[in-house]
Amino acid sequence: MSGNNTRSTARSAARLAAVQALYQRDMEGTGLPKLLDEFHQHRLGREIEGDTYADAEVPFFDDIVRGVDARREEIDLQLSEKLAEGWSLKRLDKTMLQVLRCGTYELIARADIPTGAVISEYVDVAKAFFDDREAKFANGVLDAVAKAVRD
């Protein structure tokens, strides 16, 4: 396996873990330092109930979680503008909301990562939790965000 492929897998694992961490923060109100520490100690690259969590790129995970947390208003504003008429962030599934927030954060803040890569990665994350219909929804919303925030 090439080094780049390993990095790509580590980044995919970091994205999935970031969605889970932000979901937990949303549901339980876990403080950011405690949340990051818990994921560093117990989730990233560990086995939990028979599921092995792939080794994640920890600094990348931290950047997404901290970035979404710090820029949540800006991110939510972008997302709200892209939802269909009659939809609000409150109506979205809580996990889907975190998928979209993480993807939007990367589109806004991580110009080093190509638009297509960000969108396809978060469509894959969505597929880990949802069926194709929801994955297509994530694709559509993130595509609209990308058109608004990237040239």
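Tutor: Burial is judged by relative accessibility, and under 20% counts as buried. In this predicted model, phenylalanine 130 has 17% relative accessibility and therefore counts as buried. Phenylalanine 129, at 35%, counts as partly exposed.

Student: How many aromatic pairs does a search of the whole structure find?

Tutor: The search finds two aromatic pairs. In one of them, the rings of phenylalanine 39 and phenylalanine 61 have centres 5.6 Å apart. Planes under 30 degrees apart count as stacked; the planes here stand at 25 degrees, so this pair is stacked.

Student: Which parts does the pair of phenylalanine 39 and phenylalanine 61 tie together?

Tutor: Phenylalanine 39 belongs to helix α2 (residues 32–43) and phenylalanine 61 to helix α3 (residues 58–70), so the pair ties together parts that are 22 residues apart in sequence.

Student: Is phenylalanine 39 buried or exposed, and what of phenylalanine 61?

Tutor: Phenylalanine 39 counts as buried, at 0% relative accessibility. Phenylalanine 61 also has 0% and counts as buried.

Student: What arrangement do phenylalanine 129 and phenylalanine 130 form?

Tutor: They form a tilted aromatic pair, with 6.3 Å from centre to centre and 55 degrees between the planes.

Student: Which charged residues lie over a ring, one over phenylalanine 60 and one over tryptophan 87?

Tutor: For such a contact, one looks at the position of the charge relative to the ring centre and the ring normal. Arginine 11 lies over the face of phenylalanine 60, 4.1 Å from the ring centre. Over the ring of tryptophan 87 sits the charged end of arginine 91, at 3.9 Å from the centre.

Methods. Residues numbered from 1 in each chain as written. Predicted model: local features only at pLDDT ≥ 70, side-chain atom pairs only at ≥ 80, totals over all residues. Heavy atoms only, no water. Phe/Tyr/Trp six-rings, centres within 6.5 Å; stacked < 30°, edge-to-face > 60°. Helix = DSSP H or I, 4+ residues; strand = E, 2+ residues; numbered from the N terminus. Buried < 20%, exposed > 50% of the residue type's maximum accessible area, 1.4 Å probe, protein only. Lys NZ or Arg CZ within 6 Å of the ring centre and 35° of its normal.
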